[in-house]
Amino acid sequence: MDRPDETTLRVLLAIETSGSLTVASASVGISQQAASARIRQFELRIGAALLIRSGRGSTLTPTGQLVAGWATEYLAASDGFVESLAALRSDVNADIAVAGSLTIAEHLLPRWLVQLRQQRGGRGQATAVTMTVGNSGHVADLVRTREAVLGFIESPEVPGDLDSRLVASDELILVVHPDHDWARSRRRVTAAEVAHEPLLTREQGSGTRLALEHALAGLSTPLAVSAASIELPSNAAIRASVAAGAGPAILSVLAVADDLALGRVVRVRISDLTITRPLRAIWIRGGSLPDAALELIEVARSR
């Protein structure tokens, strides 16, 4: 089946909210006749009725409600993709070059950059941005070599040779497949159990891995990540592996929010360990930042 038309999906969601095809069509900027035709065509494509039409308005059938749930996820991913592409826009006359660690780059930095452009554009200050992505260690290296004027990292360690500013904080949580023993038992596990379990983890140098190692090492009885753990290069790879039942993982709550909401993974509480980490902006020590970079830091702090 071809990809669904996004306008049709937005009409469907607007009907779910308003209960009116007229209101829904107006909200997406098309005529009522065009909206009705789109929905009917979509119903023919999938072979199921999506709406119950009556003199009092329109409501979704059970199938329509199911499709609306999928549409919400699909459109959120699509909108996020567009924002991310906008954040990656590169210009030869770029005002600032920014580097972000993976979790920040995937879930926060695109929105920060969109807001920065909107704020500066509203003042007639066009701002072009180049964004590079890597783990926290790589981001620090890009700032040191001046390939990025500003970096954002999620590591508990502050690079001693760089200036930094706290912009936010993040929580790391333990997630497993719904059929995992820890999920079925509905009990809290201990830090020792987590440390002894082969985990799906990020590579050395990532902020997620460093935060986990620091938290375990800081316990009254220091612990370390199991040597049998499997290293994967991205949050997306770990999320997919957990959802496939490959093992438990410690990940940012930002990275797994959608999977938790959809039931693909389950959070397991740790009785004696809470893992939080700072999210920081970093730049060359003693160096001055362009106005756009300073404003981006303030956007990050405000969001």
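In this predicted model, Thr8 is in contact with Arg38, Ile39 and Phe42, its neighbours within four places in sequence being left aside. Thr8 sits in helix 1, which spans residues 6–18. The relative accessible area of Thr8 is 6%, so the residue counts as buried, the cut-off being under 20%.

Helix 7 covers residues 136–144, and its buried residues are Ser136, Val139, Ala140, Leu142 and Val143. Viewed down the axis of helix 7, these residues fall within an arc of 160° and therefore line one face of the helix. An α-helix has 3.6 residues a turn, so residues three or four places apart point the same way. The elements against which the buried residues of helix 7 pack include helix 10 and the strands in the table.

| Strand packed against helix 7 | Residues |
|---|---|
| Strand 3 | 96–101 |
| Strand 4 | 129–134 |
| Strand 5 | 150–153 |
| Strand 6 | 162–176 |
| Strand 11 | 275–284 |

At the start of helix 7, the backbone nitrogen of Gly137 has a side-chain oxygen of Asn135 within 3.1 Å. Arg146, which follows helix 7, has a positive phi, near 65°.

The model has 1 cavity of 30 Å³ or more. The volume of the largest cavity is about 50 Å³. Its lining consists of Leu200, Thr201, Arg202, Thr208, Arg209, Leu212 and Ile250. At least two lining residues come from each of strand 7 (200–202) and helix 10 (207–217). By class, the lining comprises 3 nonpolar, 2 polar and 2 charged residues.

Key: Residues numbered from 1 in each chain as written. Predicted model: local features only at pLDDT ≥ 70, side-chain atom pairs only at ≥ 80, totals over all residues. Heavy atoms only, no water. Helix = DSSP H or I, 4+ residues; strand = E, 2+ residues; numbered from the N terminus. Buried < 20%, exposed > 50% of the residue type's maximum accessible area, 1.4 Å probe, protein only. Contact = heavy atoms within 4.5 Å. 1 Å grid on protein atoms, 1.4 Å probe; cavity = no way out; pocket = protein on both sides within 12 Å on 5 of 7 lines; lining within 4 Å. Points joined across faces, edges and corners; volume = space filled by probe spheres on them. Nonpolar A, V, L, I, M, F, W, Y, C, P; charged D, E, K, R; others polar. Arc of directions from axis to C-beta. Polar contact = N/O pair within 3.5 Å; in protein donor to acceptor, adjacent residues only side chain to side chain.
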